[in-house]
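Let's take a friendly walk through some helix pairs and a pocket. Have the structure open beside you as you read.

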Amino acid sequence: MTKKEALILLVEDNIDDVAFVRRAFQKANVTAQILPLGDGDEAIRYLIGGGPYSDREQYPLPALMLIDVKLPRKSGHDLLAWLQKQDNPMLRRIPVIILTSSRRQADIDLAYDLGANSYLVKPVALDELVDLCLSFGRYWLKWNEFPSSTNH
Amino acid sequence: MISEETFRGLLESAPDAIVIVDQQGRILLVNSQTETVFGYNREDLLGHPLEMLIPLRFRHGHVNQRASYFASPTVRPMGSGRELYGRKKDGTEFPVEISLSPMNTSSGLVVTSVIRNVTERKRAEEALRASEAKFAGILDIAQDAVISVDDDQRIILFNQGAERIFGYKSTEVLGQNLAILLPKRLAGDHSDHVRAFGSSPEQARLMAERREIFGRRKDGSEFPAEASISKLTQANKTTFTAILRDITDRKQSEQAIKERTAKLQDALEQLEAFSYSISHDLRAPLRAVQGYSQILKEDYVQRLDETAQQYLSRLAAAVEQMDKLIQDLLEYSRLGRADVVLQRLSMQNVVQEALKQVDAQIRERGAEVSVEPEVPTVKVLGHFSTLVQVIGNLFSNAIKFVPQNRTPIVHISSEQVPAGARIKVRDNGIGVEPEHYERIFRVFERLHSSEAYPGTGIGLAIVAKAVERMGGRVGVESKVGHGSEFWIELATG
């Protein structure tokens with residue numbers, strides 16, 4: 001089995017932020033495949049392999065999830081709650097990192113209560129976002145150990 | 001047969017005046033109490049007509065009454081239903097009670113009158129009546145309902161307040177069961193409570209302390225009430241007295257306050273949500289503009305001419321200004337609402353942290369910042385991050401408002417004041433005219449164009465609001481062209 005690029009689900013409704021994050025990962029030379037999904041419902045559809053995502057070869061489970069808090073339909077918190085109550089350990093154990101512009105304490109606390117593995121606030125300046133992606137790549141993709149059966 | 005001596009002894013030891021008269025109304029015998037009560041010597045009385053002991057105005061009538069008594073003599077109290085009066089030797093009158101008993105003797109029918117001076121008793125009765133009238137008067141002017149019930153919960157007292165509150169006349173309810181004053185749904189409960197209270201050792205209790213109670217008016221309508229109840233046990237009979245107040249109005253205003261508080265709470269939450277929206281939604285497109293202009297500058301710099309690059313810089317500066325403005329506004333509104341819990345803070349930590357915030361600015365302008373040695377030893381009552389922001393903003397202004405050709409020199413010092421500690425930040429900047437001393441602490445007040453001195457016009461407003469929330473004062477002293485000294489005062493606890 002050849003080692004593939006890690007797959008990161010980026011659940012983010014703002015296409016500008018998607019563009020910035022993609023660029024920042026590139027600039028930071030992080031080798032990962034980033035798949036953006038626009039809202040919580042879409043993410044759940046992907047995770048259970050529903051609709052267009054039924055082919056697990058083409059749409060494997062991600063190594064990590066980067067999710068925004070404020071999303072249309074199901075919010076980032078809803079998505080965390082959904083993951084937490086899944087029987088399938090492969091879903092339940094996916095590391096989830098919040099990446100949002102909300103610094104609201106209530107949002108932060110709720111995210112951790114719902115099992116978020118980390119909470120990152122999007123820096124405004126792009127070079128800082130590159131810096132964040134650099135640290136992120138080193139921490140999560142180089143040093144972090146993953147649970148079994150995810151695609152890293 | 002008792003002896004004459006024993007008889008005398010009995011007569012003399014009697015507590016009342018005893019006067020024996022013959023059929024002609026002449027006094028045959030008196031005891032010494034008679035002398036005391038009427039003020040005559042025995043010799044003045046014996047053989048004289050009984051009527052001398054009676055007020056003048058009754059004497060004539062008495063002669064006739066005496067005659068009819070002798071016609072059918074019985075043992076009876078005299079003058080039932082009438083007030084009887086005796087007359088002393090000095091002419092003063094006094095109320096009496098008399099009982100009469102006929103007696104046949106060898107010298108014919110005689111009548112023994114036992115006469116009691118009831119002045120004291122009458123006075124006590126009068127005082128009691130006056131006191132009762134006073135009590136009734138108090139009861140009637142009371143705004144509250146005062147209702148007493150007996151052991152069987154029959155109403156025995158119902159004042160005017162009760163009449164007004166319940167809509168019944170007292171004559172309609174006296175003797176009725178208390179249940180008619182209570183909502184039918186609660187009447188059973190209530191009598192259980194009264195019974196329980198009757199057997200408890202408590203003397204008084206506030207009924208509403210335990211639960212909300214309700215009364216029922218004559219028209220059947222219910223009203224919320226607050227009542228206290230007391231019990232009085234006399235001769236094995238217990239009287240319960242309730243003092244009850246209709247609290248409809250109070251309940252209504254409580255309800256109104258509750259509703260208004262809920263509305264305010266709602267408005268506050270909306271404001272909170274609004275602030276959040278501003279922070280998230282308003283800043284998102286701003287960040288996009290900022291990001292793309294940065295990308296253009298970084299990734300496409302070779303393909304842009306100098307003018308385009310200049311425009312990009314202006315674009316970035318405008319966006320940054322707007323972002324700062326939004327952040328400052330959010331911070332200002334947050335300060336107005338957030339809970340500020342005061343703690344004892346070391347100024348050393350505060351100043352250190354504040355210096356970190358303005359580190360970039362210090363380096364950019366090559367500013368010299370000095371801290372007076374005693375400042376780090378000062379302890380003040382404040383909220384850490386809020387105070388750090390206050391000092392940070394003062395540092396930032398002190399560096400910013402210095403002409404470009406001058407090296408900013410900032411000095412922070414402290415002194416003791418009656419209110420606690422005064423922290424002073426002095427600069428060598430452009431200064432502030434005295435007429436602007438107050439204006440500069442208001443939101444959006446700027447004295448200079450943002451080209452000359454960039455800023456949002458909110459920095460000092462945040463300082464003033466923050467210091468106010470920490471219970472302190474803020475002010476400035478300045479000399480135009482030479483510099484300013486901004487100060488804050490906080491309690492030292």
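Which residues in helix 3 of chain A meet residues in helix 5 of chain A? On the helix 3 side of chain A they are A:His77, A:Leu80 and A:Gln84, and their partners in helix 5 of chain A are A:Asp107, A:Leu110, A:Ala111 and A:Asp113. Sorted by class, this contact between helix 3 and helix 5 of chain A holds 3 nonpolar, 2 polar and 2 charged residues. Keep in mind as you explore that this is a predicted model.

| Helix pair | Axis distance | Crossing angle |
|---|---|---|
| helix 3 (76–84) and helix 5 (105–113) of chain A | within 9 Å | roughly 15° |
| helix 1 (15–27) and helix 6 (126–143) of chain A | 8 Å | about 60° |
| helix 10 (306–337) and helix 14 (459–469) of chain B | within 9 Å | roughly 15° |

The axes of helix 3 and helix 5 of chain A cross at roughly 15°. Angles under 35 degrees count as roughly parallel, so helix 3 of chain A is roughly parallel to helix 5 of chain A. Their crossing is left-handed.

Now look at helix 1 and helix 6 of chain A, which pack at an angle of about 60°. The crossing of helix 1 and helix 6 of chain A is right-handed.

Next, move over to chain B. Helix 10 and helix 14 of chain B have axes that cross at roughly 15°, which means that helix 10 of chain B is roughly parallel to helix 14 of chain B. Their crossing is left-handed. Among the residues making this contact are B:Asp328, B:Glu331 and B:Tyr332 from helix 10 of chain B, and B:Ala461, B:Ile462 and B:Lys465 from helix 14 of chain B. The contact of helix 10 with helix 14 of chain B has 5 nonpolar, 1 polar and 5 charged residues.

Helix 4 of chain B supplies the largest share, 8 residues. By class, the lining of the second largest pocket has 16 nonpolar, 8 polar and 4 charged residues.

Conventions
Residues numbered from 1 in each chain as written. Chains lettered and ligands numbered in written order. Predicted model: local features only at pLDDT ≥ 70, side-chain atom pairs only at ≥ 80, totals over all residues. Heavy atoms only, no water. Axes fitted to C-alpha atoms, helices over the stretch in contact; angles between N-to-C directions. Helix = DSSP H or I, 4+ residues; strand = E, 2+ residues; numbered from the N terminus. Parallel < 35°, antiparallel > 145°, perpendicular 65-115°, else oblique. Left-handed = near helix turned anticlockwise from the far one by under 90°. Contact = heavy atoms within 4.5 Å. Nonpolar A, V, L, I, M, F, W, Y, C, P; charged D, E, K, R; others polar.
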